[in-house]
Amino acid sequence: MSWHSDDVSLPQPRPADRWEDDDALAADLVEALREEEVLQRVSAAATTAFGAHRGMLALREELATDLLLLTLVHDSSTAGELTGVRDRSGQPSRTLVFEGEGVGVEVEVTDGAIEGQLIPARPGRVVLRRPDGDLAAVDTDEVGYFRLEARPEGPVRLVCETTDGTCVTEWLPW
């Protein structure tokens, strides 16, 4: 880039006689303020995006390296006809199976509770989580069995914590 005075890519000063007209001066001021407003909005958007990115990086740093996403491999509500498994209310239960690398969780969802077991069987803690926070949590027994007294609406996931690490299920609309 040239710094010579004949460089036309640089902003050129406006002729002074243009601003003798009040309307022209007002129009130039409005244009300058609009440009400043656009720059402020772009700057605010960039700051927000960088802040969100930094937040995601910080969250990733906080997560344990052995965090594993469990994938839904079976859902009785989409597997055809129910095979007669019923809870005490007479309504059919929903069976879900999540699997990951050598770990998993089997869940039965009834009208007022979520029961399940960690696979392989081991003690731990299971948290029922919504996007806006935790709904319920319970410690499992020595074989990984748990029961959560909850029947949430909307997207939820299970967070399963053991001494071997933490795994989470996919988000599901229960």
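Guide: Start with a cut-off: exposed means over 50% relative accessible area. The model here is predicted.

Visitor: What makes Asp132 exposed?

Guide: Its relative accessible area is 64%. The cut-off is over 50%, so Asp132 is exposed.

Visitor: Why is Arg130 called partly exposed?

Guide: Partly exposed lies between the buried limit, under 20%, and the exposed limit, over 50%. Arg130 has 25% relative accessibility, so Arg130 counts as partly exposed.

Visitor: How do you know that Arg130 and Asp132 meet in a salt bridge?

Guide: The N to O distance is 3.4 Å. A salt bridge needs a side-chain nitrogen of Lys or Arg within 4 Å of a carboxyl oxygen of Asp or Glu. Therefore the pair qualifies.

Visitor: What makes Asp134 and Arg129 a salt bridge?

Guide: Their closest N and O atoms are 2.6 Å apart. The limit is within 4 Å, so the label applies. Asp134 is partly exposed at 47%, and Arg129 is partly exposed at 28%.

Visitor: Which residues join Glu149 in one network?

Guide: Glu149 and Arg147 meet in a salt bridge at 2.5 Å, N to O. Salt bridges with shared partners link Glu115, Arg147 and Glu149 into one network.

Visitor: How many salt bridges does the structure hold?

Guide: Seven.

Conventions: Residues numbered from 1 in each chain as written. Predicted model: local features only at pLDDT ≥ 70, side-chain atom pairs only at ≥ 80, totals over all residues. Heavy atoms only, no water. Buried < 20%, exposed > 50% of the residue type's maximum accessible area, 1.4 Å probe, protein only.
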